[in-house]
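Me: I have a model open and want to learn how to read it. Where do I begin?

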Amino acid sequence: MGGVRELLREKDHVFLDFDGPVCDVFARLPAREVADRLKRLVEPEVIASADPFDVLRFAASCGPNAANVVERQLSRFEGEAVAQVSPSPGVADVLRDWRAQGFTVTIVSNNSVDAVRAFLGLHDLAELVRGISARTTSDPARLKPEPALLDAAVKALGTSPGQCVMVGDSAADILAARAAGVASIALAKTPAKRRALAALAPDALVTDLADLRFAG
Ligand SMILES: [Mg+2]
């Protein structure tokens, strides 16, 4: 893992994960509660996970109708959830710094595109972001750790994967970046996350988004 600013300087476009780096989506409306409510739409007894996205993946394995029902409700919960939380500390400063350095920023998120757009608008962050590549379908194959959202972001910018870098706090971010041919920077705020993400050999690892600022 090399110097993180050197890695960034080689790129033109930053792909930024939403849940974690930009805000803690399920801080007020807990993910476990959302997962429980989604499970009622399918077969609650067969899903042990408290992750709403695991419920969506299970629903998709049952068929497109189940997936669409769960995805629609998940989008609704995500909208409720992001309306109750604030931006992660310092994220606006980092976005402003990147803009001053000439990078474009695209939010690349498994969360619904409507929830991401609403949050950015509500907190005056929209003008700091070039684009949003986020969930628009109930198909899990279109979500990270698959590369589709990153592929779409690359295409929308008319660039190549080599000019882009993905910043995210989950294994799915690192794996999706690798699959898309995009460099990755892991954001790992806890020792457990550091161990888990370092094991995936991202191109760089930071413990705070502010470590990715150039000024100040
Ligand atoms: Mg995340």
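This is a predicted model: local features need pLDDT of at least 70, side-chain atom pairs count only at pLDDT 80 or more; totals for chains, interfaces and linings use all residues.

Me: Which parts does the pair D17 and D169 tie together?

Reply: Look at what flanks each residue. D17 sits in the loop between strand 1 (13-16) and helix 2 (31-39), and D169 in the loop between strand 4 (164-168) and helix 8 (171-180), so the pair joins parts that are 152 residues apart in sequence.

Me: Are D17 and D169 buried or exposed?

Reply: Buried means under 20% relative accessible area. Both D17 and D169 are buried. Across the chain, 47% of the 216 residues count as buried.

Me: How many helices and strands does the chain have?

Reply: Nine helices and six strands. The radius of gyration is 17 Å, close to the 17 Å that the globule rule gives for 216 residues, so the chain is as compact as a globular protein of that length. Its C-alpha trace spans about 50 × 35 × 30 Å along the principal axes.

Me: What share of the contacts comes from residues 24 or more positions apart?

Reply: Count contacts with a separation of 6 or more. In this chain, 66% of them join residues 24 or more positions apart.

Me: And the surface and charges?

Reply: The chain exposes about 9,800 Å², with carbon and sulfur atoms supplying 48% of it. For charge, compare mean positions. Those of the 25 positive and 28 negative charges are 1 Å apart.

Definitions and conventions
Residues are numbered from 1 along each chain as its sequence is written. Side-chain values use heavy atoms; hydrogens and water are left out. Helices (H or I, at least four residues) and strands (E, at least two) are DSSP runs, numbered from the N terminus. The radius of gyration is taken over C-alpha atoms; the globule rule is 2.2 Å times the number of residues to the power 0.38. Buried means under 20% relative accessible area, exposed over 50%, partly exposed in between (1.4 Å probe, protein chains only). Contact means heavy atoms within 4.5 Å. Accessible areas come from the Shrake-Rupley method with a 1.4 Å probe; for residues, only the protein chains shown count as cover. Lys and Arg count as positive and Asp and Glu as negative; His and the chain ends are not counted. The place of a charge is taken as NZ of Lys, CZ of Arg, CG of Asp or CD of Glu.
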